[in-house]
Amino acid sequence: MPRIVIRSSDIHAAGCFALTEVPKGSRILEYTGERISKAEGDTRYDGRLFTYLFGIGDGEVVIDGHGMAMFVNHSCDPNCEIEETKGRVYIEALREIAAGEELTYDYSLYDGADEDPAICSCGSENCRGTMYCPEEVEKRRRAAAKAKKRVGLAAGNNGNRRTALGNP
Ligand SMILES: [Zn+2]
């Protein structure tokens, strides 16, 4: 596997950098960690803003990340991608990566906490502003619209009640 190093990153805290040129398609790192159920993961990380859970297969099993792969940051214009093979998860080069470049992949987060916008600061031209996958972005947008509508309806009901009281 190519040589890599963890050091401070402009994207977020610490990042993972290539020390040498990495050819396209190379397997760089394995996303290692304990395999636990999704429910166990939710319990373990309840209330914590940052988690390193990685859903595999149908998402019922998650990897509780432990190791260098945890330090690979998200980018909306990544140079790596995730390759899942037989329950194991690898980070592979999406294109040729120059020595010194920070490794990134698209987290495509899902199942986020309501209050967590998972803001992205990758700085790429096509940054979508969040680390959620497009489907999750759409789901959250719909949920927010629904919540707004509920508030609107509640206000409407109050209004009607007041009107009824005012005109006995
Ligand atoms: Zn971004």
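Which residue in E6 is the bridge partner of Ile56? The partner is Val61, and the report below places this pair within the fold as a whole.

The structure is a predicted model, in which local features need pLDDT of at least 70 and side-chain atom pairs count only at pLDDT 80 or more, while totals for chains, interfaces and linings use all residues. Residues are numbered from 1 along each chain as its sequence is written.

The protein contains two helices and 10 strands, where helices (H or I, at least four residues) and strands (E, at least two) are DSSP runs numbered from the N terminus. Along the sequence these elements follow the pattern β-β-β-β-α-β-β-β-β-β-β-α. Of the contacts in the protein with a separation of 6 or more, 62% are accounted for by residues 24 or more positions apart; a contact here means that the C-beta atoms of two residues, placed from the backbone, lie within 7 Å.

Three strands, in the order E4-E6-E5, form an open sheet with antiparallel pairing, and two strands are said to pair if DSSP finds at least two bridges between them. Strand E4 (33–37) and strand E5 (53–56) are the edge strands, each pairing on one side only. Two antiparallel pairs of strands, with a bridge from each, are set out here.

| Strand pair | Bridges | A bridge pair |
|---|---|---|
| E5 and E6 (residues 61–65) | four bridges | Ile56 and Val61 |
| E8 (residues 80–85) and E9 | six bridges | Cys80 and Ala93 |

The hairpin of E8 and E9 has two residues between the strands, and in this hairpin Lys86 takes a positive phi near 50°.

Of the 168 residues of the protein, 19% count as buried, a residue being buried if 20 or more other C-beta atoms, placed from the backbone, lie within 10 Å of its own. Leaving aside its neighbours within four places in sequence, Leu103 is in contact with residues including Ile4, Ile28, Val72, Cys80 and Ile91.

Definitions and conventions. Buried ≥ 20, exposed ≤ 12 C-beta atoms within 10 Å, placed from the backbone.
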